[in-house]
Amino acid sequence: MGFQIMSMSDAAANRVKAIVENSGAEAKGIRVGIKKGGCAGMEYTIDLVSEPNGKDDLIERDGASVWIDPAAVLYLLGTEMDFETTTLRSGFTFHNPNQTSACGCGESVELKAADLAELARKREAETA
């Protein structure tokens, strides 16, 4: 059995559905990826999907579809995508066990690739 790459909170699923509903008939969901940039080295990317890429992984929750860029998979294993609104901002957040640090402004992060052996040990311990 494979690993679940990423999960999505209720708030994130609701926001994805709202984005799709407000983006026209071609919109199918969003795509999450990672790019180099920012003062900590990497940034999450979110793009609207009108034509899914067959190489992307797909997660779904309550009718919300999120595709994951294959180049980001090892950095996103075990991540929970959330959506929060505060007094000063609203946006998607990522609770990522592979994050080693973040910049002070919160716009970029430093990520390490997931340790697949450690994930397998945790899974084995949970099912024992």
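**Note on the predicted model**

1. Overall content. The protein has three helices and nine strands. This is a predicted model. Along the sequence, the elements follow the pattern β-α-β-β-β-β-α-β-β-β-β-α.

2. Burial and surface. Of the 128 residues in the protein, 37% are buried. The exposed surface comes to about 7700 Å². Carbon and sulfur atoms supply 49% of that area.

3. An open sheet. Three strands form it, in the order E1-E6-E7, with mixed pairing. Strand E1 (6-8) and strand E7 (90-95) each have a single partner strand, so they stand at the edges and one side of each lacks a neighbour in the sheet. From one strand to the next, the twist averages 25 degrees.

4. The E1 and E6 pair. E1 and strand E6 (residues 79-85) run parallel and are joined by three bridges. Met8 has Met81 in E6 as its bridge partner. Helix H1 (residues 10-21) packs on this sheet and touches E1, E6 and E7. The direction of H1 makes about 70 degrees with that of E6.

5. A backbone point to check by eye: Asp62. Asp62 sits in the loop between strand E4 (57-61) and strand E5 (64-68). Its phi is near 50 degrees, a positive value in a residue other than glycine. Most residues other than glycine have a negative phi. Asp62 has a relative accessible area of 53%; the cut-off for exposed is over 50%, so Asp62 counts as exposed.

Conventions
Residues are numbered from 1 along each chain as its sequence is written. This is a predicted model: local features need pLDDT of at least 70, side-chain atom pairs count only at pLDDT 80 or more; totals for chains, interfaces and linings use all residues. Side-chain values use heavy atoms; hydrogens and water are left out. Two strands pair if DSSP finds at least two bridges between them. Helices (H or I, at least four residues) and strands (E, at least two) are DSSP runs, numbered from the N terminus. Axes are lines fitted to C-alpha atoms, for helices over the stretch in contact, and angles run from 0 to 180 degrees between N-to-C directions. Contact means heavy atoms within 4.5 Å. Buried means under 20% relative accessible area, exposed over 50%, partly exposed in between (1.4 Å probe, protein chains only). Accessible areas come from the Shrake-Rupley method with a 1.4 Å probe; for residues, only the protein chains shown count as cover.
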